[in-house]
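Colleague: I have the model open and would like to go through the terms used for it. Could you take me through them one by one?

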Amino acid sequence: TRELLRLTIDDLRAALAAAEPPVTLTAAVPAAQQPALAAGVEALLRAAGAAEGASRVVVRFGSAAPAEPGLPANSRFTPRKDDAPLAADAVEVRGPADAAARVVAELERRVAQAAAAAALRSCRADVAVPAGLVARVVGRGGETLRRLRGARDVTIDVLAAEGAVRVTGTRDDVDAVAADVAALVARLADETAETIVVAAELHRALIGSGGRFVRRLGDKYHVRIQFPPARQGSDEPSSELPSSSEPPLAADQIRIRGGAQGVAAAKAELLELAAYEIEHGHSATFAVPAEHLPHVVGRAGSRISEIKDASATRIDLGAAVPGAATVDVTIVGTRAGVAQARAAIEAVVAEQLAQADEVVAVATKHHRFLIGAGGARVRELVALAGGDPDAAAGPGSCRIQFPRAKSADGPDSVRLKGDRAVVARVRQRIEELVAARDRQVTVSVSIPASQHAFVIGRGGSHLKQLQDAHDVEIHFPRRSSSTVDSDGVGGLVRITGLPENCEAASSALLALVRDESRVSVTLAQHQRLGGRTSALWRRVRADYGVQVDAAHVDRAPPPQAPKSAIVVVDQDTADDVVYVADNSSMLDGLKAEWILRGEASKLPAALEAINTALAGASLEPASVVARVRVDPKNHRHIIGKQGAMIAKIRDATLCDVAVPARGSESPWVSVTGPRSAVDHAIEMINDAIEERA
C-alpha cells in the first residue's frame, strides 16, 4: 500500500512538473453584459474552443454580483482574499495560456457584436401625445402599447413630462411603430361618443359568447363599446363600465366611443345585427304527439333537416318524457320561416293522424275470394275506395294484409293500414262482401249439354255478361262430368250468389236456350258447304237468326295419292301448283250432322234454305286438294286486312283455303274443293298477290 501511494505521488509530481503554468488575462466587458455572460460561461468556453480545458479555466467578473444564484463552478463575481483588485468593466480569465487567450478573444468578439447591435438599434423617434390622451395611448395595464409593439423589436417609453412617446429600435421597426402611434393619437384626437338604443333582450346576441363579437368590433374599428351593467344574477359577460364623468346607461342603451368614422361604422354594424336578430328572432313553441315524433324527424334526421334547410330556421325538439303524450317543438327564425316550418311539421303530423291501422275479422274461407286471382280483387277494393293500389304509405294508401300461418293476430284477422278514409271504405266494402257471401246460395239449372257452348258464347262473352250483370258465379260442368239432369240429356249448371241474383241469372240463362233442329248431310257436302266460315252458315245466321253448328262429323281419311295421281296443269308452273287426284270414293258412307238453334218460328225457313242449298250443290267431287307455292312474305296479301281477302275467296269459290301460321317457313297454301272452284280460287290468290306486289 505504501509503495502504491509513493508511486501515485511521484506520478502527480511528474504531471505537475510537465503541466503548463497558468496565466491571467484581462478583457474589457461592460458591466451590463457581465451577468448574462457569467450565466452562459460554459457556452462561452465551447464557442472559444476551450471546452477540453474548461476545468482549468476560471472566469472572474468585476461588476457587482447578480441577485440570481446558481452560477457555473468556473464563473464567479466575488473576489477571494488573494485575488488582485478588478475594475467593474473588466473580466479576468485564468488558465492555460492557449485556452485563456481563446476565451478572451471570444469575450472581445461578443462585446463588439453587442456594440454593433446597440448601434443598429440606436434609432429612435418621439411622437407627440397630448396629456389628456397619454392614458388612452398606454391602455389598461399597457395593453395598447403591447398591441402597437406587436412582434417588432422596439422599445416604447412614455415621456409624460415632455408629452411624448419614444420608440427605440431599428429604423424600419421604429418608423412602422411610430406611424401606428401617430395614427392612434389622430384617432383619439378625433374621438367622439354616441349612444344608441337597442332592446335589452338583444344585448346578449350583440355581445356574443364570452364577449367575442363586441371585442371583434372594438378591434376592427378601434372603438370602445359599453353596455349597461350586467343584471344581478345574470350570466351575461360584464361590459366596460363608463367613467365617472359619463352618465349611467339605461337598460336599453349602448355607448360607442372612438374615432368618428370608427364609431359610425361600429354603430351601423351593431344596428344591422340588431335588425337581423329582430327579424330572425321570432319563435314558436307547440306540441306534437310523441308517437309521431319519429316521422317528423325522419330516418337519420333527414326530414327535420329538410324542413330546416327549406325554411332557414332553427328547430329544437324537446326531450321525450316517458309516459308523456306530447313533445314540445320550438322553431326560431324569421316570421315567414317559422310559419313555413310549423306548417311542414303539422302537415307530417296530420298525415300520420290520417293513417289508420285496423284489424277486421274475416273467416278464413273468404280470404281466397277477397285476394282474387293474383291479388286482383285486393287492388280493386283499394281502387274502388278511392285509394291508390300502388301507394305503400301516405294519402290514398291502403295495404291489406292477410294473416300468415301462426300469425299473432289470429287466422281470421285481416289488417288494414293506410289513409284513414280509404281504410274505412275498404273495411266497409270487405264487411259487405263477407256478409253477402255468407248469404250466398247455390242453385242448379238444367240446360241441354248440346247448348252449353252456345249459352257460354264465343270466348265466354255471354257468360261474362251474365256474371257481371247479376253478380253471380256460373259454373258449367266439364264434358267428362257425370252431372246430368233427370232426363239424362244435359248438364246441370250451378249458379252461386245471393238468392235474388241467382234467380235472375237462372232466368237469363234459360232465356238463352234455343229450340233445335238437326240435318244429316254427307261428309262431302259438309266439306263443301259447312263450317263456321262457310257462306251458307253465315247466310242462315244473318237471314233467320239461326245458329248452325256441327253436332257430329265423321273423320275423313287423309288424302293419299301415288305420284301418278299428281296432275300438273301448266308446264311453266309445274313446281308452283300441285293437284292431288280425286279422293271422293274415300268419303263414301261418311256423314256429318248439323244442328240448328233458334226461335221455333224461324227454324222451318232456315231448314228450307239449307235443303235448297244442298240440292243445288254441284255433284263435282269436293276432295281435290291443291297446294300453291307462295313466298311467305306474300301470305299476308292472301289473308288481307282483318281476314277480308281470304273470306272473299272462300265466299266466291266455296273452297277451304288454308294459309300457314304466322312465322312458318312453309310456302304451301292449301285449297280444297271442286276442281273448277279450286282453279278459280288459285286465280284469285294470284290476283291478290299481283295487285299488292
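Colleague: Which residue of β13 is the bridge partner of Ile 315?

Modeller: Ile 331 in β13 is the bridge partner of Ile 315. Before we go on, this is a predicted model, where local features need pLDDT of at least 70, side-chain atom pairs count only at pLDDT 80 or more, and totals for chains, interfaces and linings use all residues. Residues are numbered from 1 along each chain as its sequence is written, and side-chain values use heavy atoms, with hydrogens and water left out.

Colleague: What makes β12 and β13 a pair?

Modeller: Two strands pair if DSSP finds at least two bridges between them. β12 and β13 (residues 326-333) have 4 bridges in the antiparallel sense, so they meet that definition. Strands here are DSSP runs of E with at least two residues, and helices are runs of H or I with at least four, both numbered from the N terminus.

Colleague: Why are β11 and β12 called edge strands?

Modeller: The open, antiparallel sheet has the order β11-β13-β12. β11 (282-289) and β12 (314-317) each pair on one side only. Neighbouring strands there are turned by 20° against each other on average, direction ignored; the axes are lines fitted to C-alpha atoms, for helices over the stretch in contact, and angles run from 0 to 180 degrees between N-to-C directions.

Colleague: And what about the sheet with β5, β7 and β6?

Modeller: That is an open sheet of 3 strands in the order β5-β7-β6, with antiparallel pairing. β5 (123-128) and β6 (154-159) each have a single partner strand, so one side of each is left without a neighbour in the sheet. β6 and β7 (residues 164-169) pair over 6 bridges, and Thr 155 stands opposite Thr 168 in β7.

Colleague: How do you know that the pair of Trp 537 and Trp 594 is edge-to-face?

Modeller: A pair of aromatic rings is described by the distance of the centres and the angle of the planes. Rings of Phe, Tyr and Trp (its six-membered ring) pair if their centres lie within 6.5 Å; planes under 30 degrees apart count as stacked, over 60 as edge-to-face and the rest as tilted. The centres of Trp 537 and Trp 594 are 5.4 Å apart and the planes stand at 90°, so the pair is edge-to-face. Trp 537 lies in helix α21 (residues 535-544) and Trp 594 in strand β23 (residues 591-598), 57 residues apart.

Colleague: Why is Trp 537 called buried, and Arg 532 exposed?

Modeller: Buried means under 20% relative accessible area, exposed over 50%, and partly exposed in between (1.4 Å probe, protein chains only). Trp 537 has 3% relative accessibility, so it counts as buried. Trp 594 is buried too, at 0%. Arg 532, at 59%, counts as exposed; Arg 532 lies in the loop between α20 (523-529) and α21.

Colleague: What makes Arg 377 a charge over the ring of Phe 369?

Modeller: The definition asks for NZ of Lys or CZ of Arg within 6 Å of the ring centre and within 35 degrees of the ring normal. Arg 377 lies over the face of Phe 369 at 4.0 Å from the ring centre, and Arg 437 lies over the face of Phe 369, also at 4.0 Å.

Colleague: How do you know that the buried residues of α19 line one face?

Modeller: Seen down the axis of α19, they fall within an arc of 165°, so they line one face of the helix; the arc is that of the directions from the helix axis to the C-beta atoms. Among them are Asn 501, Cys 502 and Leu 512. The face turned away from the buried side carries exposed Glu 503 and Ala 511.
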